[in-house]
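Hi,

Here is the structure I promised to pass on to you. Have a look at it first, and then read my notes below.

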Amino acid sequence: MSGNDVAQYITCTLGDAEYGIDILSVREIKGWSETTALPHAPAWVRGVINLRGTIVPILDLRSRFGLGQTAATAMHVVVIIQTATRMAGLLVDSVSDIITVGAEEVRAVPEVGMSVPERLLSGLIPREGAMVSLVSLDNLLNLPDAELALAH
């Protein structure tokens with residue numbers, strides 16, 4: 001297997017579920033701190049923080065996936081990610097591991113209708129007794145205007 005067929009993901013937890021975030025997009029991991037709320041933002045946007053002079057929106061990943069609001073505590077962490085177009089922080093319960101995965105191990109997300117949560121995943125990785133859902137960062141951050149309007 002050549003190096004091009006392998007990807008690394010940071011795994012984080014939301015309750016009992018594990019999610020994978022492409023390690024190449026992760027800039028840093030920091031503890032939870034209160035955010036400044038933005039008016040008219042969707043419920044899953046917790047607000048913004050000032051990260052060394054850059055204003056970064058913080059997204060509640062649990063809420064973004066339709067699993068309810070996170071009751072954030074000092075035990076929660078924020079994964080700061082950078083895509084080609086945006087920087088954001090993802091509020092998660094914890095960061096658990098770094099996994100190296102061959103391209104052949106990633107399974108397609110089953111077609112079960114195209115509601116928002118399905119489009120937010122780019123693949124599934126079967127693991128011992130569990131499944132790691134890969135987060136599609138571009139879909140998570142790049143919302144059509146219609147969806148933003150519906151979220152208000």
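**What turned up**

The strands form an open sheet of five, in the order S3-S6-S7-S5-S4, and their pairing is mixed. At the edges are strand S3 (26–31) and strand S4 (45–51), each of which pairs on one side only. From one strand to the next the twist averages 30°. Some terms here: helices (H or I, at least four residues) and strands (E, at least two) are DSSP runs, numbered from the N terminus, and two strands pair if DSSP finds at least two bridges between them. For angles, axes are lines fitted to C-alpha atoms, for helices over the stretch in contact, and the values run from 0 to 180 degrees between N-to-C directions.

Before going further, please note that this is a predicted model, in which local features need pLDDT of at least 70 and side-chain atom pairs count only at pLDDT 80 or more, while totals for chains, interfaces and linings use all residues. Residues are numbered from 1 along each chain as its sequence is written, and side-chain values use heavy atoms, with hydrogens and water left out.

Back to the sheet: S4 pairs with strand S5 (residues 54–60) in the antiparallel sense, over six bridges. Leu-51 stands opposite Thr-54 in S5. In the loop between S4 and S5 you will find Arg-52, whose phi is positive, near 50°, although the residue is not glycine. Arg-52 is exposed, at 67% relative accessibility (exposed means over 50% relative accessible area, buried under 20%, partly exposed in between, with a 1.4 Å probe and protein chains only).

His-40, in the loop between S3 and S4, also has a positive phi, about 65°. His-40 is exposed too, with a relative accessible area of 68%. Most residues other than glycine have a negative phi.

Now the rings. How many aromatic pairs does a search of the whole structure find? It finds one. The ring centres of Tyr-19 and Phe-65 are 4.9 Å apart and their planes are at 25°, so the pair is stacked (centres within 6.5 Å make a pair for rings of Phe, Tyr and Trp, using its six-membered ring; planes under 30 degrees apart are stacked, over 60 edge-to-face, the rest tilted). Tyr-19 lies in strand S2 (residues 17–22) and Phe-65 in the loop between helix H1 (61–64) and strand S6 (77–82), 46 residues apart. Tyr-19 is buried at 9% relative accessibility, and Phe-65 is buried at 8%.

Enjoy exploring!
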